[in-house]
Amino acid sequence: MWGKTLWANLNPQALVDGIDGFLKTFRKLPKEIRIQAVGATLENQMKLFRNAVPLMVALKNEALRDRHWKLLMEKTGIEFDMAPDR
């Protein structure tokens, strides 16, 4: 779902609430499932995503201007399209 959301439509609070909800649901699973390799991998991936959410929230800040995005692209060496419809 989030991977297909346009940046312009991204709701940062939905990211926070969503990942917290997924982790809460995961923790309710039986321990036998959580400790299996697939469970451990899933939990690790969710925690990594949760750690990235504050960055996405900060980048979604409406105070960021084109010059900020250009500087970010220069510093990271990655070009990306910020058009609201793509």
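Predicted model: local features only at pLDDT ≥ 70, side-chain atom pairs only at ≥ 80, totals over all residues.
Helix α1 spans residues 12-27, and α3 covers residues 37-59. The axes of α1 and α3 approach to within 10 Å, crossing at roughly 160 degrees. Since angles over 145 degrees count as roughly antiparallel, α1 and α3 are therefore roughly antiparallel to each other. The crossing in which α1 passes α3 is left-handed. On the α1 side, the contact is formed by Pro12, Leu15, Val16, Ile19, Asp20, Phe22, Leu23, Phe26 and Arg27. The α3 side contributes Gly39, Leu42, Glu43, Met46, Lys47, Phe49, Arg50, Val53, Met56 and Val57. Sorted by class, the residues in the contact of α1 with α3 comprise 13 nonpolar, 1 polar and 5 charged.

The largest pocket has a volume of about 370 Å³. Its lining consists of 22 residues, and those nearest the centre of the pocket are Trp7, Ala8, Lys60, Trp69 and Met82. Two or more lining residues are given by each of the elements α3 and α4, the latter being residues 66-76. Helix α3 supplies the largest share of the lining, with 3 residues. In the lining of the largest pocket, 14 residues are nonpolar, 2 are polar and 6 are charged.

Note on methods. Residues numbered from 1 in each chain as written. Heavy atoms only, no water. 1 Å grid on protein atoms, 1.4 Å probe; cavity = no way out; pocket = protein on both sides within 12 Å on 5 of 7 lines; lining within 4 Å. Points joined across faces, edges and corners; volume = space filled by probe spheres on them. Helix = DSSP H or I, 4+ residues; strand = E, 2+ residues; numbered from the N terminus. Nonpolar A, V, L, I, M, F, W, Y, C, P; charged D, E, K, R; others polar. Axes fitted to C-alpha atoms, helices over the stretch in contact; angles between N-to-C directions. Parallel < 35°, antiparallel > 145°, perpendicular 65-115°, else oblique. Left-handed = near helix turned anticlockwise from the far one by under 90°. Contact = heavy atoms within 4.5 Å.
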